[in-house]
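Trainee: Please walk me through this one. Keep it quick.

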2 protein chains.
Amino acid sequence: MVFAKVSLVLSVYSLEYNYMETKERIIEGSMELFFKYGVRSVTMDMIASHLGISKKTLYENVKDKNTLVEMMAQHHFDQEQHDLEKLSNTTENAIDEIHQIAVQMKQMIRQINPILFFDIKRYYPKVWQLFDSQKYDCIGGYIINNLERGIKEGYYRPDLDVKVMMIFKMNQVEWAFDTDFFPITEFNLLDVQMQLFEHFIRGIVTKKGLELFEKYKEHEAN
Amino acid sequence: MVFAKVSLVLSVYSLEYNYMETKERIIEGSMELFFKYGVRSVTMDMIASHLGISKKTLYENVKDKNTLVEMMAQHHFDQEQHDLEKLSNTTENAIDEIHQIAVQMKQMIRQINPILFFDIKRYYPKVWQLFDSQKYDCIGGYIINNLERGIKEGYYRPDLDVKVMMIFKMNQVEWAFDTDFFPITEFNLLDVQMQLFEHFIRGIVTKKGLELFEKYKEHEAN
DNA sequence: AAACACCAAAGTTTCCTTAGTTTTTTTAGT
DNA sequence: ACTAAAAAAACTAAGGAAACTTTGGTGTTT
């Protein structure tokens, strides 16, 4: 009787194992490898092997490597966006919010081998461009909202041109990922980004905002 | 009249008994083969043959191979849990208990071909994930109880963060099964796990606890 | 800068095995 | 003898492993 119950539960669970699952698995699995080793050094054979499927099956689900990289990047971008959107509703103020953005960026940079950005930019320039424009639409809008929120709350300087600041910030992030300026062998990507992020914040806050920011920084250090 | 009634009851009873018996046999029988040869190399034909039933009968009781792997894993997990729960009531103290856990783990590893874990993780990732979360709920809780018991009895250090230790221990076990770190061709899985288990115990005990642990170790060597 | 050679990896194809299903044969019970 | 159930055998489709072909990135030479 009890045993039959368990068996029933497991049967229902098994039904989810279908087509969408395979594609999702492929994206997640390839993302793990790309994050760890970059794109160029991860072969399609490796991905198939990692997933326990044949190359044939992989190609039945994915047109080619280029498409896979796109899908992976889109997936990651969507996730990132989703995480950002959650912050608007769960943070107390603009400083808390921008501080959480920094924390999230830190986590992302920790789990991604910097060679990933290099590889995509160089070998998959279309993918790079695709997300370059999406970035301005989505994340850019998000930054503008945060800036406006901070101005309203009195934490950011009221004379900020929010559009200029948005463009500046987004270019700064991209610029700091550029290995021409900050060669990987000389600079720690995480350090560079965090340095520039703090610099940006310090440039936009009021006295009141700075005090609050220092508090959050202190809280994070403990 | 009465005779006809009894006969009906017995028929219903034996039908239920037969059904449960077959499914149980299938799980136990497939578990024997999976433990010995892993999952991938054990075919449904082999299982049917091993059990002396036809493939048709096998599929009348089990939806598909995926479901069978899940059922087998659940069955094994339940057994493991049951065995663990018995230890709380039959052991004299926390050291005795954790020592018995080590003994049980040793027995389990002895009877399982390591390729089983590899196969499930790679080819049945959903099954792997299913039991990953269950692990933290059940076995994690059990470890915390043992740690709290040991602290109360004076065998474990009172400043232990039991939650941190639980998560650490569970991740350690999983990590030691990872063939990326410990290739099967170079390492004996049992040795690795026992080494790490002893190291873990030595890290949590008081002086008093260590003396007692040494006693149990000595007793086991004889 | 262009041409060339090399070779690993992307992408494709082939052959085989196995999961799952169906049909045929055998067995057991009445 | 009859029938239902189970076993054995045959079948189909899908997926895996391996082999094969093509491509593109890189290095060398002119």
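**DNA contacts and helix packing**

Trainee: By class, what does the surface near DNA strand C have?

Mentor: Six nonpolar, two polar and eight charged residues make up the surface near DNA strand C. The classes are nonpolar (Ala, Val, Leu, Ile, Met, Phe, Trp, Tyr, Cys and Pro), charged (Asp, Glu, Lys and Arg) and polar (the others, Gly among them). "Near" takes one heavy atom of the residue within 4 Å.

Trainee: What are the ground rules here?

Mentor: This is a predicted model: local features need pLDDT of at least 70, side-chain atom pairs need pLDDT 80 or more, and totals for chains, interfaces and linings use all residues. Residues count from 1 along each chain as its sequence is written, chains are lettered from A and ligands numbered from 1 in the order written, and side-chain values use heavy atoms, with hydrogens and water left out.

Trainee: Back to DNA strand C. How many residues surround it, and which are the closest?

Mentor: 16 residues surround DNA strand C. The closest are Asp64(A), Lys65(A), Tyr59(B), Asp64(B) and Lys65(B). Of the atoms of DNA strand C within 4 Å of the protein, sugar and phosphate account for 57%.

Trainee: Which residue has an N or O atom 2.9 Å from a base oxygen of DNA strand C?

Mentor: Lys55(A), through its side chain. This is a polar contact (a pair of N or O atoms within 3.5 Å; within protein, one must be able to donate a hydrogen and the other to accept it, and residues adjacent in sequence count only if both atoms are side-chain atoms).

Trainee: And what sits at a phosphate oxygen of DNA strand C?

Mentor: Backbone atoms. A polar backbone atom of Met44(A) is 2.9 Å from a phosphate oxygen.

Trainee: Which helices supply the surface near DNA strand C?

Mentor: H4 of chain A and H3 of chain B each supply at least two residues. Helices (H or I, at least four residues) and strands (E, at least two) are DSSP runs, numbered from the N terminus.

Trainee: Now DNA strand D. Which residues are the closest?

Mentor: Arg40(A), Lys56(A), Thr57(A), Tyr123(A) and Thr57(B), out of 15 residues that surround DNA strand D. Sugar and phosphate account for 68% of the atoms of DNA strand D that come within 4 Å of the protein.

Trainee: What do Arg40(B), Lys56(B) and Thr57(B) reach on DNA strand D?

Mentor: An N or O atom in the Arg40(B) side chain is 3.2 Å from a sugar or linking oxygen. A polar side-chain atom of Lys56(B) lies 3.4 Å from a base nitrogen. For Thr57(B), an N or O atom in the side chain is 2.7 Å from a phosphate oxygen. Helix H4 (55–61) and helix H7 (115–123) of chain A, with helix H3 (55–61) of chain B, are the elements that give two or more residues to this surface near DNA strand D. H4(A) gives the largest share, three residues.

Trainee: Switching topic. How many helices and strands does chain A have?

Mentor: Eleven helices and zero strands. The C-alpha atoms of chain A fill a box of roughly 65 × 55 × 35 Å along the principal axes.

Trainee: At what angle do H5 and H6 of chain A pack?

Mentor: About 155°, with the axes 10 Å apart, for H5 (residues 65–90) and H6 (residues 94–111). So H5(A) is roughly antiparallel to H6(A). The contact includes His76(A), Leu84(A) and Leu87(A) of H5(A), and Ile101(A) and Met108(A) of H6(A). By class, it has four nonpolar, four polar and three charged residues. Contact means heavy atoms within 4.5 Å. Roughly antiparallel is over 145 degrees, roughly parallel under 35, roughly perpendicular 65 to 115, and the rest oblique.

Trainee: How do H10 and H11 of chain A cross?

Mentor: At roughly 150°, and their axes come within 9 Å. Glu198(A), Ile201(A) and Arg202(A) in H10(A) meet Leu210(A), Phe213(A), Glu214(A) and Lys217(A) in H11(A). That contact has three nonpolar, no polar and four charged residues.

Trainee: And H6 and H7 of chain B, at what angle do they cross?

Mentor: Roughly 105°, with axes that come within 5 Å. H6(B) and H7(B) are therefore roughly perpendicular. Among the contact residues are Phe117(B) and Ile120(B) of H6(B), and Val127(B) and Trp128(B) of H7(B). The residues divide into six nonpolar, no polar and two charged. Axes are lines fitted to C-alpha atoms, for helices over the stretch in contact, and angles run from 0 to 180 degrees between N-to-C directions.
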